[in-house]
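Please open the model in your viewer and keep the selection panel at hand.

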Amino acid sequence: MSKVASLFHPKRLNLSGFTNIRVIRDNNKRMAVEQNEPERQALRYMIRNTSLPGRVRAQAQLQLSQMHAYTRPTQVKNRCVASGHARSVIRDFRLNRYQFRMQALAGHLPGVKKASW
Amino acid sequence: MSQTRLLDLVKTQCRIFSLNFNPQRLRLGNKVLRQRLRGPALASWYPKQVVSFQDLQNTYKPLGLTTFDEAEDDREEAIQIAKLRGKGRPKKKRTAAESRSAKKKK
Amino acid sequence: MFAHQTRSLLGAGRNFRVSVPIRSLSTPTQPTAPATTPETVSQPTPTPVAPVAEAASTPETPKTPEVPEQPLETRVKEWSERLGALGSETRLPRSVQAIYMRPLRRKAEYGLPVCDLQLRSYSVENVEFFADFAIRAAYYLNLPVSGPVPLPRIVERWTVPRSNFVHKKSQENFERITLRRLVQIKDGNPKAVQAWLAFLRKHAFYGVGMKANVWEHDSLDVGKSMDESVAEIEKSLAPKLAQFGQRKDNSLGQSIFDTLDSDRFAERKNL
């Protein structure tokens, strides 16, 4: 079993907006997670089902642990869409706090205003 | 009402609403099956490229029209200049022997 | 319907006449313009404008002071005259006049809610305008309507540091306030409600989101009609249900190990 991450590289990059290698890698992980989610859930179900024979459950555990790391949803990290930064990303806008501030001040985010109360 | 009657009631209830009938409360892992699939939501985080300039070129080429991708032309020109100056990309080492010899030369 | 409102409606029409009928009357003057003296031809634009402004304030001025020496026989009627005549002799169509009034409403007979339309926007003007538009549209579709009910605003706030973390003490607050209006249709025909919703979608206003909950009511014999439709539904679902779940006559006499080692799993493993 090969564990090469390059297997997840798409033939043609279909991202628009800001891209760097970290964004591309994260996107690859997201694609892999989406593709392998049913299988992972099936194995998870088998592991958790105490009515199945122990051997089957152990085998399922083994298979799940042998799946590629990229298929694991915990590998996915929310990154800023406009700068690729991975810290303090505001989920509602998918923007990093700095990008959010700049775009909000420029009026690119509908309805977002400077608040004072 | 007796225990069996109640169990029967729950059983029919489960059958009608297609629930899992599990009076012994065994761990059947059904909560995994009840979970939503998160994949589609995760996969749609980054904006996807819908059309590229290349697509435009490909559509116009069969019609006999010429298109100019200035950014691409600039890039190719820069590569040519770099090659002339001897600053181009080194040749890809295909075999182990080639790469080893390259290292030795150093 | 309008009979008792005629006076006020005419009053409203007079106030807004300046903006509405001028455009419709502007075309007939152009062919007749050369018939007048060359002074007026040389300045075609300022002459109409000045009397219009006058007409808005004093509609009973028959002659303008600029051209008193013109021969009366060939003279084209001045703007002020035309507009004065318009005010006293004619009026705007009732439907147009109604635009300047509060929206008309049908009276609900039973008060049974049929459709809830929620409008959301970040700006008051947009959501108010579109709610008004929706109510007027409902009137002409013969739908009794209640609202617009202002629902609680949704306030979202974010606080971000102005620059690097070192300067965490200097932060900036941002907020986004979503305004909501609820328009409820009462005991309307489901088809009319659908037509209303389609009309609103067609003329959707910028910056206003819409969300509709539609309730359909059936007669008391719902069970009977549902029983009748079961056969048809089962027939259409049969091919899909056949694919679902585990079958007793499982044609694959395999154990779970064979399944796990099968090609389908194996090719996934190689990823």
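Begin by selecting Leu119(C), Ala134(C) and Ile185(C): of the 18 residues in the largest nonpolar core, these touch the most other members. A nonpolar core is here a set of buried Ala, Val, Leu, Ile, Met, Phe, Trp, Tyr and Cys residues joined through C-beta atoms within 7 Å; buried denotes 20 or more other C-beta atoms within 10 Å of a residue's own, with C-beta atoms placed from the backbone. Next, colour β1 (113-121), α7 (124-140), β3 (171-186) and α8 (190-202) of chain C, each of which supplies at least two residues of this core. With 5 residues, α7(C) gives the most to the core. Helices (H or I, at least four residues) and strands (E, at least two) are DSSP runs, numbered from the N terminus.

The model is predicted: local features need pLDDT of at least 70 and side-chain atom pairs pLDDT 80 or more, whereas totals for chains, interfaces and linings use all residues. Residues are numbered from 1 along each chain as its sequence is written, while chains are lettered from A and ligands numbered from 1 in the order written.

Now centre on Leu119(C). Beyond four places in sequence, its contacts (C-beta atoms, placed from the backbone, within 7 Å) include Val127(C), Phe130(C), Val183(C) and Met210(C).

Finally, display chain B, which has 6 helices and 0 strands. Of its 106 residues, 2% count as buried. Its contact with chain A takes 23 residues from chain A and 18 residues from chain B.

How values were computed. Buried ≥ 20, exposed ≤ 12 C-beta atoms within 10 Å, placed from the backbone. Contact = placed C-beta atoms within 7 Å.
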